[in-house]
Amino acid sequence: MTDMRFSILPAFILLLPFAEIAGFVVVGQAIGLWLTLVLVMLGFVLGVVLLRRQGIGILRRMSSEGRNGVMPGRDLLRPAMNVIASLLLIIPGFLTDIIAILILIPPVRDLVWRAIAKRFVVVNAKGGSSSGPQPDFRDRKPNSKVVDLEEEDYHREPDRNSPWSGKHLGD
């Protein structure tokens, strides 16, 4: 199922501009050229204002918490979703604006949180992990790409044959 979603993503990204152009044509025919341009500019200005108000700091905070082994919680979800919505509003087009408006609606935001929270697994440097519902790595499917190692299971020794070691320069 996951592989199918990722195979659809490139097609979605390639088809989005065509869908946005079709949206411009439909809206332009319905309300006229100038009102269409005003709506596009209004969406852009609203996105910039929302992004400025929310700030990029929330993304830095989420990244910092992830590096420290803390699961980004619901208190970060609302500002992070606002940042995503503001970026979608900045992109010219009506479909991205509709998606942005949906993201700003609290029940939709909660639905998104329920969908993505179970996919988070944050492993900290101390070997502990935290997530929404705690997964057990032993219960993973055989084709899973996750390898769970203890600190003593993994150790790295220098490779003398590596071209990056600098040993071959003197030869």
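In which helix is the place of I90? And what surrounds that part of the chain?

Tutor: This is a predicted model, and I90 has its place in helix α4. That helix covers residues 74-90. With a relative accessible area of 23%, I90 is partly exposed, because a residue must be under 20% to count as buried.

Next, the contacts of I90. Leaving aside neighbours within four places in sequence, I90 is in contact with G43, F44, G47, V48 and L51. Helix α2 runs over residues 33-54, and G43 is one of the residues in it.

G43 is buried, its relative accessible area being 7%. Not counting residues up to four places away in sequence, G43 touches L89, I90 and D97. The C-alpha atom of G43 is also separated by 7.7 Å from that of P92, although the two residues are 49 apart along the chain.

Another residue of helix α4 is S86. S86 counts as buried, because its relative accessibility is 0% and the limit is 20%. Its contacts, with residues up to four places away in sequence again left out, are G47, L50 and L51. G47 and L51 are also in the contact list of I90.

Moving on along the sequence, helix α5 covers residues 94-104. The structure holds one aromatic pair. F24 and F94 form this pair, which is edge-to-face, with 5.6 Å from centre to centre and 70° between the planes. F24 lies in helix α1 and F94 in helix α5, so the pair ties together parts that are 70 residues apart in sequence. F94 counts as buried at 14% relative accessibility, whereas F24 counts as partly exposed at 26%.

The patch is formed by I8, L9, F12, I13 and I99, which together have about 450 Å² of accessible area. One of them, I8, lies in helix α1 and is partly exposed, with a relative accessible area of 44%.

To place these details in the whole chain: there are six helices and two strands, and the pattern along the sequence is α-α-α-α-α-α-β-β. Of the 171 residues, 23% count as buried. Among contacts with a separation of 6 or more, 55% join residues 24 or more positions apart. The chain exposes about 13,200 Å², of which carbon and sulfur atoms supply 65%.

A last point concerns confidence. The mean pLDDT of the chain is 76, and 63% of its residues reach 70 or more. Over residues 124-138, pLDDT stays under 50, and the model has 25 contacts beyond four places in sequence for that stretch. Where pLDDT is low, the predicted coordinates should not be read in detail.

Conventions
Residues numbered from 1 in each chain as written. Predicted model: local features only at pLDDT ≥ 70, side-chain atom pairs only at ≥ 80, totals over all residues. Heavy atoms only, no water. Patch = residues over 30% accessible without salt bridge, like charges linked within 9 Å, V, L, I, M, F, W, Y side chains within 5 Å. Areas by Shrake-Rupley, 256 points an atom, 1.4 Å probe, with all protein chains shown as cover. Salt bridge = Lys/Arg side-chain N within 4 Å of Asp/Glu carboxyl O. Helix = DSSP H or I, 4+ residues; strand = E, 2+ residues; numbered from the N terminus. Buried < 20%, exposed > 50% of the residue type's maximum accessible area, 1.4 Å probe, protein only. Phe/Tyr/Trp six-rings, centres within 6.5 Å; stacked < 30°, edge-to-face > 60°. Contact = heavy atoms within 4.5 Å. pLDDT = per-residue confidence, 0-100.
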